Amino acid sequence: MVWKHRNLLDVDVLSREDLELLLDQSVHMEDLLNRPIKKVPALRGRMIVNLFFEASTRTRVSFELAEKFLGADVVNWSVSGSSISKGETLRDTAWTLEAMGADAVVVRHPMPGTPWYLKEKLKRASVFNAGDGAHAHPTQALLDVYTAWKHFDRSLDGRKIAIVGDILHSRVVRSDITAFATLGAKVTLSAPGSLMPRGHAHLNATYQADPREAVKDADMVYLLRIQRERQQDGLFPSFEEYHWRYGANEELMRYAKPGALVMHPGPINRGVEIASELADGPDSVILEQVRSGVATRMGLLYLCMGGAEA
Amino acid sequence: MVWKHKTKVLNQEDMERALKRMSHEIAERNKGIDKVILVGIHRRGVPLAERMADFLEQFEGQRPALGKLDITLYRDDLSLRYPQPLVRGTDVPWDLEGRRIVLVDDVLYTGRTVRAALDALMDIGRPDQVQLAVLVDRGHRELPIHPDYVGKNLPTSSSELVEVSVTPIDECDEVWICERTDS
């Protein structure tokens, strides 16, 4: 098995073998996180730019830690106070970064497709998608499958996964469905009609309007964040009503398998998509996901940047 | 590039004898094995360290602490290699303070693997001493590194290759010198 990727724009390019190799390497990266000295010199001398056009704390910090633990030099390039706010085009920014010697660019942007555009404009540097609009968030999918895979004895074959929440605006769900399906899990989605994309038949998942039906016999329940603006957009009447109908609590979890895992990409809205009792309960792996994020990003960066080019 | 077997240097019995002798030397030099941790370097150092732990258990009536060290992330040639080597994991679950580490590897050649192993080890803890045991020392050092226990000194030319087979990774216990052929 040889890893051939130098970039990660979305998870659809990863085969089952690719994913399994990445999960295996991430286990060893997680071992490093348990040590007093977490830093290794694997990417020493490589320069990685975190280019964030959208507010993000956990994804950016997670990437930054992964980069630093692998020994890379890290530059955080944010929108405010930079040349971008002076009207520089993305193409010129890309060329500037490359002229400064960037070996990789981690990009988050509200416009879907930005990482692909950036990849096209960069001659040499690797590109990692840290979230583009409501399109894709491949490293979130990696950390989610990793967390589940570890809990399910390193196999997701035949596992039933329910994803409940704002499917329409979620970049997480699009990447997650692909990654979970590639590893043999069965995904069922549930959302109010107003938060469900039209023509979801192409998604590798089934849809149940009733969350209890979606969660029935599930091995894992994944809640998606409900953004406050969506209520102002009139997509659902109130947070209380959303929670009453689609929020996850112990009552909804009774339909799932006993001990089913509870996941959420964070940050959580307590009492909206997830009840506190569940978020803080024994089956919640929400904080473990955060740790998995650092380990899987280390695995990804090592595989994509660790060796020589073919 | 094709490598052809040229000379068999150690057979199964020779290898066993060498490992037994090195085990005795380790116990002798460290006045027992109370403080010793045998640490095999992936991949073939791992079964060799296990083998020596078995012998030490026979000779000393007590099994020494045993660990595994992965040096992949510490290699100085990582950015030159395609595909890059995969990480197999380090397992040295002891406090190294006050302990004597015996690093175990199959072949000592340039010394670069041992250099990486020393860095990897120092990130885990601060042992009292680090010693080096190798099954074969083939010369051609590029760094000032010297073994403490040697199974077999084997003068080679740098155009040759030393092939070590160790069960269970390989099918048999043998050491061969191979040479390059153009055919």
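Modeller: Start where the chains meet. The contact takes 15 residues from chain B and 15 residues from chain A. Two residues are in contact if their C-beta atoms, placed from the backbone, lie within 7 Å. The side of chain B that touches chain A divides into 9 nonpolar, 4 polar and 2 charged residues. Ala, Val, Leu, Ile, Met, Phe, Trp, Tyr, Cys and Pro count as nonpolar, Asp, Glu, Lys and Arg as charged, and the others, Gly among them, as polar.

Modeller: A word on origin. This is a predicted model: local features need pLDDT of at least 70, side-chain atom pairs count only at pLDDT 80 or more, and totals for chains, interfaces and linings use all residues. Residues are numbered from 1 along each chain as its sequence is written, while chains are lettered from A in the order in which they are written.

Colleague: What makes Asp153(A) exposed?

Modeller: A residue is buried if 20 or more other C-beta atoms lie within 10 Å of its own, exposed if 12 or fewer, and partly exposed in between. Asp153(A) has 7 C-beta neighbours inside 10 Å, so it counts as exposed. Asp153(A) sits in the loop between α5 and β5 (160-164) of chain A. Its phi is near 50°, a positive value in a residue other than glycine.

Colleague: Why is Lys31(B) called exposed?

Modeller: Lys31(B) counts as exposed because it has 9 C-beta neighbours inside 10 Å. Lys31(B) lies in the loop between α1 (12-29) and β2 of chain B. Lys31(B) is not a glycine, yet its phi is positive, about 50°. Most residues other than glycine have a negative phi, and most peptide bonds are trans.

Colleague: Which peptide bond of chain A is cis, with omega about -10°?

Modeller: The one that joins Gly266(A) and Pro267(A). Pro267(A) is in the loop between β9 (261-263) and α11 (276-279) of chain A. In chain B, the bond from His42(B) to Arg43(B) is cis too, with omega near -5°.

Colleague: How do you know that the span of α1(A) is close to the expected one?

Modeller: The expected span of a helix is 1.5 Å times one less than its number of residues. Helices are DSSP runs (H or I, at least four residues), as are strands (E, at least two), numbered from the N terminus. α1(A) has 18 residues and reaches 26 Å from its first C-alpha to its last, close to the 26 Å expected. Its buried residues include Leu19(A), Leu22(A) and Met29(A).

Colleague: Why do the buried residues of α4(A) line one face of the helix?

Modeller: The buried residues of α4 (residues 114-121) of chain A are Thr114(A), Pro115(A) and Leu118(A). Seen down the helix axis, they fall within an arc of 95°, so they line one face. That arc is taken from the directions from the helix axis to the C-beta atoms.
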